[in-house]
Amino acid sequence: MHLLPTPSHEMTNSDKNFDSSYPPFVLQNSIGVDYGGSDPSKPDSESEDSLPVVDLLSSRPGDIIDSSREWGMFRLVNHGVDSTVLTKILECAAKVFSLSFESKRGVFDGPIQYFWGSPAISLAGNARQASPYAQNLHWLEGFNVPLAKITQYKYGDDPLLESFRALLEEYGNQNSLVADKIFKTMAEDLNLSPTKSKSYISLASGLLRVYRYPRCPMSSELRWGISEHTDSSVVSILHQDQVGGLQVCMGGKWLDVKPCLDTLVVNVGDMMQAMSNDEYVSVKHRVKVNKEKDRISIGYFVFPTEDALIESPNYRPFTYANFQADRELDFKTFGTKIGLPRYKIIPEKSRIL
Ligand SMILES: O=C(O)CCC(=O)C(=O)O
Ligand SMILES: [Fe+2]
């Protein structure tokens with residue numbers, strides 16, 4: 001079966017229906033919503049954010065370390081990821097997202113899984129679907145792509161899907177190299193033993209999430225693309241288009257991480273924060289919705305091996321498998337993850353007797 005993109009039309013104030021490529025919740029949650037007025041998704045300030053920039057080719061290792069300690073996030077240039085691949089993958093993702101909702105849902109039951117309304121992944125590796133009316137509905141749709149699985153698969157009968165898969169494979173491999181290089185710098189700084197380092201990052205666990213955040217009639221106070229969170233990864237690498245929307249929490253303030261061409265955004269994840277005994281920060285971030293434009297971004301996430309025992313003085317030892325299981329349970333119980341505080345050792349002084 002060949003899947004041609006459905007014709008897409010621009011949404012105007014008089015045409016409030018989104019096209020058939022959007023998940024139904026986008027339409028259901030847009031009924032009766034005022035599209036006019038000012039755009040609350042515009043940045044609060046036009047000033048440039050001061051996120052550190054790391055040059056992977058020429059930088060001193062200290063740049064990665066300092067940024068991970070102070071910010072938990074940095075921009076990466078000269079990263080080695082092919083700029084043609086960066087451009088092509090966003091173009092290809094846009095084509096795939098413009099397929100009808102039904103065909104995306106129907107076709108991507110192989111290693112590339114389609115999800116919408118929630119970015120959370122279950123222990124089985126499936127992305128969850130949120131109820132369209134759920135309070136924590138996220139204004140997004142996406143594809144969950146475990147890299148180990150797509151290398152053994154071919155969408156042989158469909159040129160669009162097969163080129164998407166092949167591009168994701170190439171992009172994923174290039175991101176693995178970047179993540180490996182960054183991790184090695186961090187491991188050296190933290191004096192991790194070679195045995196620890198080996199289990200603390202598993203390139204085979206590499207995962208891509210390809211997101212589309214549909215333009216949203218509601219303001220960011222009502223809907224988030226992705227609400228405030230930290231990543232569970234060791235490190236995450238983000239590639240975003242020029243629309244913008246990513247924000248990072250710095251000193252209690254939310255700053256816009258403006259898109260820069262050919263630049264990736266790297267952030268420290270929960271696992272690295274624990275491995276570093278809180279020396280590095282798994283920084284809080286979130287994604288605002290945009291009233292006028294759809295946004296596409298691609299995240300690469302890498303994790304420890306399942307049985308890696310994460311040990312550092314501030315935490316009781318836990319394996320990555322423990323962390324995943326607890327996250328699953330917390331998600332069912334509280335609708336969100338508790339994450340690292342579950343394992344944090346409370347200092348004697350602050351314990352309630
Ligand atoms: O799309 C983005 O800018 C960020 C995505 C993100 O934070 C995540 O997937 O954890
Ligand atoms: Fe994230």
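The model is predicted, and local features need pLDDT of at least 70, side-chain atom pairs count only at pLDDT 80 or more, and totals for chains, interfaces and linings use all residues. Residues are numbered from 1 along each chain as its sequence is written, chains are lettered from A and ligands numbered from 1 in the order in which they are written, and side-chain values use heavy atoms, with hydrogens and water left out.

**Ligand 1**

The residues around ligand 1 (a heavy atom within 4 Å) are Y211, Y213, I226, H229, D231, L238, L246, H285, V287, R295, S297 and F301. They divide into seven nonpolar, three polar and two charged; Ala, Val, Leu, Ile, Met, Phe, Trp, Tyr, Cys and Pro count as nonpolar, Asp, Glu, Lys and Arg as charged, and the others, Gly among them, as polar. Polar contacts, pairs of N or O atoms within 3.5 Å, include those below.

| Side chain | Distance to an oxygen atom of ligand 1 |
|---|---|
| H229 | 3.0 Å |
| R295 | 2.9 Å |
| S297 | 2.6 Å |

Taken alone, ligand 1 exposes 290 Å², of which the protein buries 94% (Shrake-Rupley method, 1.4 Å probe). Strands are DSSP runs of E, at least two residues, and helices runs of H or I, at least four. Strand β12 (295-303) gives the most to the shell, with three residues.

**Helices α2 and α6**

The axes of α2 (residues 61-70) and α6 (residues 159-189) come within 10 Å and cross at roughly 80 degrees. The two helices are therefore roughly perpendicular (65 to 115 degrees). Their contact (heavy atoms within 4.5 Å) is made by P61, I64, I65, S68 and R69 of α2 and I182, T185, M186 and D189 of α6.

Conventions: Polar contact = N/O pair within 3.5 Å; in protein donor to acceptor, adjacent residues only side chain to side chain. Axes fitted to C-alpha atoms, helices over the stretch in contact; angles between N-to-C directions. Parallel < 35°, antiparallel > 145°, perpendicular 65-115°, else oblique.
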